[in-house]
Amino acid sequence: ARKIRRHGPDILGTIELGCSNARLEASDNRIKVTIRMAYGFRHVDNLIAMIKLRCSGLPTHLPTPTL
């Protein structure tokens, strides 16, 4: 009950505005999955570049061979 009283204005503001932390949780999950995929990278810079690429929302297409 103490926590509800202490965070009451924040809770009411969230309910009134209809905000949620879904986007933050989704990006956090995407970063965690990327870190698991990057196991074995030799440099942290490669991991950071991969996280930036995956979280940027840019469409990435694999190159297709030309015949």
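T34 lies in helix α3, which spans residues 22-37. The model is predicted. T34 has a relative accessibility of 0% and therefore counts as buried, the cut-off being under 20%. With residues up to four places away in sequence left out, T34 touches L47, M50, I51 and R54. One of these partners, R54, also forms a polar contact with T34. That contact joins the two side chains at 2.7 Å.

Two packed helices are described by the angle between their axes and the distance between the axes. For α3 and helix α4 (residues 44-56), the angle is about 140° and the axes are 10 Å apart. The pair is therefore oblique, because the roughly antiparallel class takes angles over 145 degrees. The crossing of α3 and α4 is right-handed. On the α3 side, the contact is made by R30, I31, V33, T34, I35 and M37. On the α4 side, L47, M50, I51, R54 and C55 take part. By class, the contact of α3 with α4 has 8 nonpolar residues, 1 polar residue and 2 charged residues.

The C-alpha atoms of V33 and L47 are separated by 11 Å. Along the chain, V33 and L47 are 14 residues apart.

Helix α2, covering residues 8-17, is hardly covered. Of its 10 residues, the count of buried ones is 1. G18 follows α2. The phi of G18 is positive, near 70°.

How values were computed:
Residues are numbered from 1 along each chain as its sequence is written. This is a predicted model: local features need pLDDT of at least 70, side-chain atom pairs count only at pLDDT 80 or more; totals for chains, interfaces and linings use all residues. Side-chain values use heavy atoms; hydrogens and water are left out. Buried means under 20% relative accessible area, exposed over 50%, partly exposed in between (1.4 Å probe, protein chains only). Helices (H or I, at least four residues) and strands (E, at least two) are DSSP runs, numbered from the N terminus. A polar contact is a pair of N or O atoms within 3.5 Å; within protein, one must be able to donate a hydrogen and the other to accept it, and residues adjacent in sequence count only if both atoms are side-chain atoms. Contact means heavy atoms within 4.5 Å. Axes are lines fitted to C-alpha atoms, for helices over the stretch in contact, and angles run from 0 to 180 degrees between N-to-C directions. Angles under 35 degrees count as roughly parallel, over 145 as roughly antiparallel, 65 to 115 as roughly perpendicular and the rest as oblique. A crossing is left-handed if the near helix is turned anticlockwise from the far one by less than a right angle, and right-handed if clockwise. Ala, Val, Leu, Ile, Met, Phe, Trp, Tyr, Cys and Pro count as nonpolar, Asp, Glu, Lys and Arg as charged, and the others, Gly among them, as polar.
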